[in-house]
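Please read it with the model open beside you.

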Amino acid sequence: MGSLSSRVLRQPGRARGQQEPGSGAGGSARRLESGGDAAAHGFCYCPGSRKRKRSGEAFCSCHPDSETDEDEEEGDEQQRLLNTPRRKKLKSTSKYIYQTLFLNGENSDIKICALGEEWSLHKIYLCQDGLIQQCGETMKETVNVKTVCGYYTSAGTYGLDSVKKKCLEWLLNNLMTHQNVELFKELSINVMKQLIGSSNLFVMQVEMDVYTALKKWMFLQLVPSWNGSLKQLLTETDVWFSNRRKDFEGMTFLETEQGKPFMSVFRHLRLQYIISDLASARIIEQDSLVPSEWLSSVYKQQWFAMLRAEQDSEVGPQEINKEELEGNSMRCGRKLAKDGEYCWRWTGFNFGFDLLVTYTNRYIIFKRNTLNQPCSGSVSLQPRRSIAFRLRLASFDSSGKLICSRTTGYQILTLEKDQEQVVMNLDSRLLIFPLYICCNFLYISPEKRTENNHHPENPEN
């Protein structure tokens, strides 16, 4: 099955010279402790603190020696600003504030033009007065391909966990469905590791496409100056790694000094669903990126799984094992560009279960094909076979924001030979195209742990 075309989001962006969120020569802005640098700016930002006079000097109740007479004047001016009725009006300007707050890497006063005037506020005030939370709400509403990485970094700096969660959700939905060169450049190793390890990653096509996306991302991390188009990216990536293969000296790329930092990300690939397809297995062997020991282990695992399916009356999962489904299920997806009738299968060796998926008249149907349709591989003729699955549907707006979604949750489906089953009946109000379909599958049950292959943590016990 050919790969689906991808759409590159091009939003009106800021000028190149302007800093990205959370960046800057001074690094990300940090949360200052009360009474630290704040006192040096002329007034105390400590919650509940107040000024009082003693021997003609102003001082902070937390840091009595922190202010001079000069600081008092500046502090009184700031206090008058904070206590004016317009303080409430400032809260309505959070959409302006967050742009300055998260694009300025300094901890000094920031200038905000709002309400027809220029306001000078210190970031610590914003953090302590609740405006930072309002900024967080604005950030969640404006996550897109241009802002997501900067927002994620800034959310970590200011402790906005809900913003971090929103950014991760956006990335899980859009990393594969709307691939973007600049996004690949900005995604850190830590964030990419979380995405690739998640069963909620919205995969388009199959796991091999996750590997291909990782390969392109790694190339852009190593060569951030590359400035071509998304269509050119895979070719340039393959050429770059091929030219360096002769220098590996018998090692795969992830085992080299350049490649080691990326190992933790590639470990989250579900290699068993890559080597199950002949063309994909040949590519991953030829690329020589992944350590051969990883592949050998998976080949052995899949060989024993095949023998169980063929010779041990393996009929598939019989109960929901969420841990197994979350960590080891097959991830695959499809984009339906417009309404119509569709029928497809995700290729690869699926232990004799030839699953056909049909979308027609607002129904999504699974069919176990044995005799009715031609199949490129062998099919199981056992009277009944079971699969564990989860099906998700989603539609997105032009910024990648989720418009609507629906899921079946994890289920067990048992089918007889050539039997079909409706797995989702869609409300026409949810049918916003293009429609993205993503599935998780387990075709065989996890191998039961025996005394021979169980290794206790403490052998002496």
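**Notes on the predicted model**

1. Lys140 and Glu137 form a salt bridge, their closest N and O atoms being 3.1 Å apart; a salt bridge here is a side-chain nitrogen of Lys or Arg within 4 Å of a carboxyl oxygen of Asp or Glu. The two residues sit 3 apart in helix H5 (residues 131–141), so about one helical turn separates them. An α-helix has 3.6 residues a turn, so residues three or four places apart point the same way. Glu137 counts as partly exposed because its relative accessibility is 41%, where buried means under 20% relative accessible area, exposed over 50% and partly exposed in between (1.4 Å probe, protein chains only).

2. On the basis of these notes, this is a predicted model, in which local features need pLDDT of at least 70 and side-chain atom pairs count only at pLDDT 80 or more, while totals for chains, interfaces and linings use all residues. Residues are numbered from 1 along each chain as its sequence is written, and side-chain values use heavy atoms, with hydrogens and water left out.

3. A search of the whole structure finds 8 salt bridges. In one of them the side chains of Lys215 and Asp238 meet, at 2.9 Å from N to O. This pair links distant parts of the chain, with Lys215 in helix H10 (residues 207–222) and Asp238 in helix H11 (residues 230–245), 23 residues apart; helices (H or I, at least four residues) and strands (E, at least two) are DSSP runs, numbered from the N terminus. Lys215 counts as buried at 4% relative accessibility, whereas Asp238 counts as partly exposed at 30%.

4. Arg308 forms a salt bridge with Glu314, with the closest N and O atoms 3.2 Å apart. Arg308 is buried, with a relative accessible area of 16%, and Glu314 also counts as buried, at 8% relative accessibility. Elsewhere, salt bridges that share partners join Lys215, Asp238 and Asp287 into one network.

5. For helix H11, the 16 residues should span 22 Å at 1.5 Å a residue, and the end C-alpha atoms are 23 Å apart, which agrees; the expected span is 1.5 Å times one less than the number of residues. Leu230, Leu233, Thr237, Trp240 and Phe241 are buried in H11, and the buried residues of this helix pack against helix H8 (181–186) and H10, contact meaning heavy atoms within 4.5 Å.

6. The count of aromatic pairs comes to 19, where rings of Phe, Tyr and Trp (its six-membered ring) pair if their centres lie within 6.5 Å, and planes under 30 degrees apart count as stacked, over 60 as edge-to-face and the rest as tilted. The rings of Trp240 and Phe241 have centres 5.0 Å apart and planes at 90°, so this pair is edge-to-face. Ring pairs also link Trp344, Trp346, Phe353, Phe366, Phe389, Phe441 and Tyr443 into a cluster.

7. Val357 lies in strand E7 (residues 354–360) and is buried, with a relative accessible area of 1%. Leaving aside neighbours within four places in sequence, Val357 is in contact with Tyr342, Cys343, Trp344, Trp346, Ile364, Ile365 and Phe366. The C-alpha atoms of Val357 and Glu420 are separated by 9.4 Å, although these residues are 63 apart along the chain.
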